[in-house]
Amino acid sequence: MGNRWTRRDVIRRGLFGGAILALGAAAWRMTGEAPSVQLKETRHLSRDAETAFRAIARRVVGTAKGFPSIEDAKLVARADVLVGRIDEHTRGELDQVLSLFESRLASVAFLGPFQPFSALSPEAQDRVLDGWEHSRFTLKRTGYAAIRSLAVAAYYSAPSTWEAVGYSGPPEGFHQADAPVWRGGSEPRPVDDRDANDAESVSP
Amino acid sequence: MTVGRIFRGEDVDQDLSLTCDVCVIGSGAGGAMLAAELTRAGLDVVMLEEGSHRTRRDFDLKEETAYPGMYQDLGNRTTDDRSVSILQGRTVGGGTTVNWCSSFRTPSRVLAHWRDHAGLSDFTDEKLAPHFDFIEERLHVEAWPLERANRNNRLLWDGLGALGYSRGLIRRNVHRCANLGYCGMGCPIDAKRSALVTLIPDAVEQGLRLYADARVEQLEHEGAKVRRVHARVLDPETGRPKGPRITVTPKHVALCTGALNGPMLLLQSGLGGGGRVGRKTFLHPVIVSVAFFEEPVEPFSGAPQSVYSHHFVERDAGKRMGFFLEVPPIHPMLAGLAVSARGERGQGMLAKLPGMQAIIALTVDGFDPSEEGGTVSVRRDGRMSFDYAFTERNWEAFRTAQREMAKLQFAAGAQQVVSLHSPPVVLSKGDALDPLDGASWERLGVRILTAHQMGGCGMGSDAKTSVVDPTFRYRGLDNLFVADGSLMPTSLGVNPMETILALGRMAAPHVKNAVA
């Protein structure tokens, strides 16, 4: 990442000053198609961070019947687009904390278990995440909160999850992608009939 | 009349140097109103707005589009320790483009407090009334009848009635509203009469030059004057600087970027107001109670807010912190973020989204002199640091509000009430509420939110305690004004849009006179 980070730095500064809502659609708006799956799926996370994030996201989001898997929801790809938009400093913090989960050296002093997080059983992973969520150390609690937010937002913003939660999606027939936009200049301002003083409202 | 123009990041490929009478920084409620008034008076105004110019063409009613595209920090701004989630607009029109349309005048008791404690003698009901009349006419603030309330709001109404608590109907700045429920993601039919579709086009028609995707990074000042305003042009797709810079040499500057960002810019520019800039920032800190009903509620549909209660807004003559009650819209992503349960338990709760109802308690902070509120400062790496000092006054208000919300929801017929603690307190119909008191009442132990940010550049008559004087001028500089929510000496106890619009309108004559 270019900076030399000590654990003290990360603790003191706090984590993820902003920017952890998932945004797969932004990438798709730009490219018009879903990102292709590669061995390493993300562009903005290191291999260890991506591996850890995938494993954490699976436990955070869940695997209940009737809900799409994180793969079906393209959760990791969606999260990666968002990560690409946050500032370099915050991205570095995120990557470093995620990578801690996979670090054998760090796991001894920091996480407890002698294995990378991704290699643990689901039950052991849940215990690790419980430890972070309820830790007396701010670093762990804020780290858990940030990673959880990223995973959850990436998941539930995916249209493939909406049926499972009973959400019918945005109402149709109201958004006009080609609606005219007035920006001034030589173009006269269009009449806005909602500036008129009639009190009628469209019935729901 | 010279017609102005809205420029976007993609329009600016090289450095620009501009001159004007007034450079307005920020296009939210305060800035938009000020720009409309100044251009109407014939002044040459340049506006710089960090957010993008998004319109109904962009409002596709999807959370994944709206939050990263139109909110600060991609929708997840927080305090340093992540204990408070901060929803704050970042788009042309500011918070008015993404708020939930709730329109309230500044309460009389708040104006009285400001007169008594901040020496703001002009802040009377009589003097502000004409401003509110104008605002409500221009933004089409109208009554929203109970029969149009969605079920999420109706259940709050019913609960309040069952317990005999005072209740009211929220007025909304909408015209021919289709009752969709997506106000927080931008109105796709321009029924929401935000600054984006009213005051900004008014100002542009009157000559405003608005540069969206332009982040002001410094106010260059020398002696008692701001000499230049320095901004970077941003790529609207990535939000990152794309190279060109905009330098404005104005006669006067009006800072209208809101609480947090306004103080931050001042601090980055070496303007600390004697150590007062960024302090006393108030948030209406919010806690939430979620309930589940047997019949459908569909909290993602229908006008988000139409019922309120001010029953608890003043408690023990101010000895305890008050709170007011409203409801939030609940769409899947926000629901997922709010619920603290993990894995299948969390999915189980989300699967009941159609039957989910929520009440929010917005605590009324800043009225006791012991409250420090939040503090904005600049980190060594240049990023903003923001922390909020919770006291027992805050926690007592939270605990009381949590119980009252649960009572209301059960009174309205809820089968189950769940708090947003970690772990959550889950109560079934008939259970005692005592477990709520024993929940994790500490930072990160309970979900705390804010959608209203006020203060940080407090206005007042005493130079020793205020950042801005009663003429809206930043103390210590001749040509820098502030006209946004950061002026407020306290929070409000109501949704702040109308107050901030009024502040912009009150500031206008002072800025005009200064230019003249």
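How are helix 3 of chain A and helix 8 of chain A oriented to each other? The close-ups below take this up, starting with the two helices.

**View 1. Helix 3 (residues 47-61) and helix 8 (residues 138-156) of chain A cross at roughly 75 degrees, their axes coming within 9 Å.** Axes are lines fitted to C-alpha atoms over the stretch in contact, with angles from 0 to 180 degrees between N-to-C directions. The two helices are therefore roughly perpendicular (65 to 115 degrees). Helices (H or I, at least four residues) and strands (E, at least two) are DSSP runs numbered from the N terminus. Contact (heavy atoms within 4.5 Å) joins residues including Phe53(A) and Ile56(A) of helix 3 to residues including Tyr144(A) and Arg148(A) of helix 8. The contact residues divide into 11 nonpolar, no polar and one charged.

**View 2. Arg379(B) sits in the loop between strand 19 (373-378) and strand 20 (384-389) of chain B.** Arg379(B) is buried at 15% relative accessible area (buried is under 20%, with a 1.4 Å probe and protein chains only). Its side chain makes a polar contact with the side chain of Asp80(B) at 3.4 Å (a donor and an acceptor, N or O, within 3.5 Å).

**View 3. Three strands of chain B form an open antiparallel sheet in the order 6-9-7.** Strand 6 (102-103) and strand 7 (141-142) stand at the edges, each with a single partner strand. Strand 6 pairs with strand 9 (residues 171-173) over two bridges (pairing takes at least two DSSP bridges). Ser103(B) stands opposite Arg171(B) of strand 9.

**Notes.** This is a predicted model: local features need pLDDT of at least 70 and side-chain atom pairs 80 or more, while totals for chains, interfaces and linings use all residues. Residues are numbered from 1 along each chain as its sequence is written, chains are lettered from A and ligands numbered from 1 in the order written, and side-chain values use heavy atoms, leaving out hydrogens and water.

How values were computed:
Angles under 35 degrees count as roughly parallel, over 145 as roughly antiparallel, 65 to 115 as roughly perpendicular and the rest as oblique. Ala, Val, Leu, Ile, Met, Phe, Trp, Tyr, Cys and Pro count as nonpolar, Asp, Glu, Lys and Arg as charged, and the others, Gly among them, as polar. Buried means under 20% relative accessible area, exposed over 50%, partly exposed in between (1.4 Å probe, protein chains only).
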